[in-house]
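Take a look at the sequence and the 3D view, then read on.

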Protein chains: 2
Amino acid sequence: MQYSDPLLVGSNSGDHTKWGEVERILNMTAVRIQEMGGTVEFADVGTHQLPSGETVPLPPVILAEFERDPKKATLCIYGHVDVQPAKMADGWTTDPFNLTEIKGNLYGRGATDNKGPVLAWLHAVESYQEIPVNIKLIIEGLEEVGSYGLLELTRKRNDSFFADVDFIVISDNVWATRSPALTYGTRGSSYFFVEVDGPKLDCHSGVYGGSIQEPMSDLIALLGSLLDHTGKILVPGVTDDVAPLTEDERKLYDNISFDLEEMKSVAGVKHFLQDTKEEVLMARWRNPSLSIHGIQGAFSEPGTKTVIPKQVTGKFSIRQVPNMDPPDVERKVKEHLQQVFSTLKSPNRLRVTATVGAKPWVANLKDPQYVAGQRAVREVFGVDPELIREGSTIPIAQNFQEETGKSVMMLPIGGHDDGEHSQNEKISRYNYIEGTKLFAAYFYELSLLK
Amino acid sequence: MQYSDPLLVGSNSGDHTKWGEVERILNMTAVRIQEMGGTVEFADVGTHQLPSGETVPLPPVILAEFERDPKKATLCIYGHVDVQPAKMADGWTTDPFNLTEIKGNLYGRGATDNKGPVLAWLHAVESYQEIPVNIKLIIEGLEEVGSYGLLELTRKRNDSFFADVDFIVISDNVWATRSPALTYGTRGSSYFFVEVDGPKLDCHSGVYGGSIQEPMSDLIALLGSLLDHTGKILVPGVTDDVAPLTEDERKLYDNISFDLEEMKSVAGVKHFLQDTKEEVLMARWRNPSLSIHGIQGAFSEPGTKTVIPKQVTGKFSIRQVPNMDPPDVERKVKEHLQQVFSTLKSPNRLRVTATVGAKPWVANLKDPQYVAGQRAVREVFGVDPELIREGSTIPIAQNFQEETGKSVMMLPIGGHDDGEHSQNEKISRYNYIEGTKLFAAYFYELSLLK
């Protein structure tokens, strides 16, 4: 069975030449909200400078609200409708941009990250004749590249759009296990581009090999200096500010029903870098990590090509945790790479740039919003939620908390095996429907708090 | 001005799914030879096993000849009509598959490597009413991937096609400087695929980063173990068999009018890995080199993607010189990579495969064919040719010499700045026309030898 819901078309924000698609999905979302009786503003968030130096206009951000009752609490829901790139050649079993149901799962890019949850919020709003809380919505189209412009918008609208907001909720992550969860922390992230620029043209490796210091071998040496085989980040000083583990925090990990063997099976790995459930969870949630994503400019197609690429750009990111500071991390990474590069005595040119720089986030679990969240989970699922963190980055959680001073909670509905950013991303019918119920119950529980 | 000569269509042999294009250019070549009065055989050269394990049929090899006179010497000319990949996005100024003349240069993929010289041979044959030597032709379409099947064909036809051949000539390289040259040596080459296979799907670096040993970081460590920043190959034992430099050989480098500053400017590099003209030439011609070409399976597009690729394949090649033996090099590389991989204690799977394994070649400069070649160069250009080697690989030079026992010479007509395998590959009108004259003069000088 295939769906053709308009909220599930392609809208990859990683490539700025495709931002027209992002605008299209934002327009579709706005139409839907207006049809439900909401009012929509397309907030201009200015321009963005690409690594190339070019400046491009940003897609707008949707600020929406439903009719306001001053006696009710006001909940601001955040979601995003852009997605990671996806194509059949990456190994998808179904067309990533044509939502396909197989055995109770809904497969498609964005099914769980984050188009599915955005739709579930709208359905939860629609399920009430009279919504028990005032609803505001912030829907953006650049989350996957770092929410350009959203921080500035939050600052600008702090005294207007955000003034009467009591709670901010985000459902842009997944459960850690088979059990429903509330999320109280996320990792930050900085994305680095390491460009090594050499000869003025690609060279024949037969003609020039052995006489030219190749940008690719410089880059391999630079990337190889970043981490060791245990996953330890080798950039000096980068992990100095990681918050020490307290006894209270340590205890939280005991209650997570994380099954190490099942997670190995889901990922398809023989073993993780850590041996125990608690160590693996801490590695994902409360410790930093560095991943090398790829190289642009080198030969990447099937077959053989005996080329010396003239310019190559390595791409990696560092997930960051409290109390790491992204600008400080960026400075240390750049210093480290320049230092390693100087040892290569290369005639090539090195340029390191970074984007995103999202801060990590940790919430106060004693906040009333978390009480309402826990009650809603018990109501719909009959169990207490697991209190978890999220290894991935939702930059606006920390930004909202810091800029508005409001309570921020993350209320995931996606399953732990949904495969966000991966091939065959999905959300199950069960999670999608029960998640919609959870959102509706959560509105109600919030209304009882006040 | 644009040409549409049928010998200059696209025919990239690196991708086996495009071998239909290779067959098309072989057919065009055959038609041309037949129109000139030659006879053509399409020799079947069997099948080839891809790295994936799949077996595919190989394009045939053209064996052609022009009417035979037993009183004349017989020259066998080798050429290839396949090319390296090329596309505008790589930085070409003109359409690589539409030959374009700008200021006396003919730009197009294959212009100098090797479609241009193949056409020049045919024009040289056409220029005679009665050709002074018997002409045989071997034209193949898989040179850029290693001439699959040609070695076996040479063995099979040693007592038939090759029986009456006196000389074998190859024009598949370029001059070293602005001066015409005869080439007496080429480097061999082996192409390696280093595949690291990890999780069963691409993973989100936020969710899994820090807990998974990533195939990409394993691969970076493996590739980083291959050479140091001076270009020295670090694989143990690989350079042990490099022939020592004799005084006679050393003297040959003094006479090459190689201009270090000009070559820096052509390549667009601040400095080479070596300081003197002689050292740079030796690095290119008589010493081995290792180039890392790229990585397949990782993120290689513009923009950002926060993925942990599940499987990545690094690609590199080693140019080899006498007395290195490609199977021995392959064994040492595989052992080295397995040894480095074992230190990574990785749960991932490593598979190293190699293709080509072409041997290096050195000819005897005292052979009569070189005398004829030197006379032909003097006749057309008024100068003595430089006696050079070629850093790139023409695997069949050594194969022909070893299997047939015949004299093999390389007689280049391409300019030193033609940019074979690079963006904006070209041949100049001057080299193309004077080269055609050189081939005609060479036929004549050969006929005087006997």
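Predicted model: local features only at pLDDT ≥ 70, side-chain atom pairs only at ≥ 80, totals over all residues.

Ser190(B) counts as buried, because its relative accessibility is 0% and the cut-off for buried is under 20%. Ser190(B) sits in strand β11 of chain B. What does the side chain of Ser190(B) make a polar contact with? Its partner is the side chain of Gln320(B), at 2.9 Å. If you skip the neighbours within four places in sequence, Ser190(B) is also in contact with several other residues, including Phe316(B), Ser317(B), Ile318(B), Pro326(B), Thr355(B) and Gly357(B).

Now hop over to Asn114(B), which belongs to the loop between β7 (105–107) and α2 (115–126) of chain B. Is Asn114(B) buried or exposed? Buried: its relative accessible area is 1%, and anything under 20% gets that label. Its side chain has a polar atom 2.9 Å from the backbone nitrogen of His80(B), and it also makes a polar contact of 3.4 Å with the side chain of Asp172(B). Beyond the neighbours within four places in sequence, the contacts of Asn114(B) are Gly79(B), His80(B), Ser171(B) and Asp172(B).

Next up is the place where the two chains meet. Here are the counts between chain B and chain A:

| Between chain B and chain A | Value |
|---|---|
| Residues in contact | 84 residues of chain B, 84 residues of chain A |
| Buried area | about 7,300 Å² |
| Salt bridges | 4 salt bridges |
| Polar contacts | 45 residue pairs (both at pLDDT 80 or more) |

On the chain B side, several elements each supply at least two residues that touch chain A, among them β11 (188–197), α5 (215–224), α8 (277–285) and β15 (311–320). The largest share, 8 residues, comes from β13(B). By type, the residues on this side split into 32 nonpolar, 35 polar and 17 charged. As for the buried area, carbon and sulfur atoms give 53% of it. There is also a salt bridge between Lys305(A) and Asp90(B), whose closest N and O atoms are 3.9 Å apart.

Finally, a note from a record. An unreviewed UniProt entry lists residues 184–340 of chain A as "domain: Peptidase M20 dimerisation". Over that stretch, chain A is 33% helix and 22% strand, and the C-alpha atoms at its ends are 37 Å apart.

Definitions and conventions:
Residues numbered from 1 in each chain as written. Chains lettered and ligands numbered in written order. Heavy atoms only, no water. Helix = DSSP H or I, 4+ residues; strand = E, 2+ residues; numbered from the N terminus. Buried < 20%, exposed > 50% of the residue type's maximum accessible area, 1.4 Å probe, protein only. Polar contact = N/O pair within 3.5 Å; in protein donor to acceptor, adjacent residues only side chain to side chain. Contact = heavy atoms within 4.5 Å. UniProt positions renumbered as here; feature names shortened; annotations may be inferred. Buried area = accessible area lost by both parts, 1.4 Å probe. Salt bridge = Lys/Arg side-chain N within 4 Å of Asp/Glu carboxyl O. Nonpolar A, V, L, I, M, F, W, Y, C, P; charged D, E, K, R; others polar.
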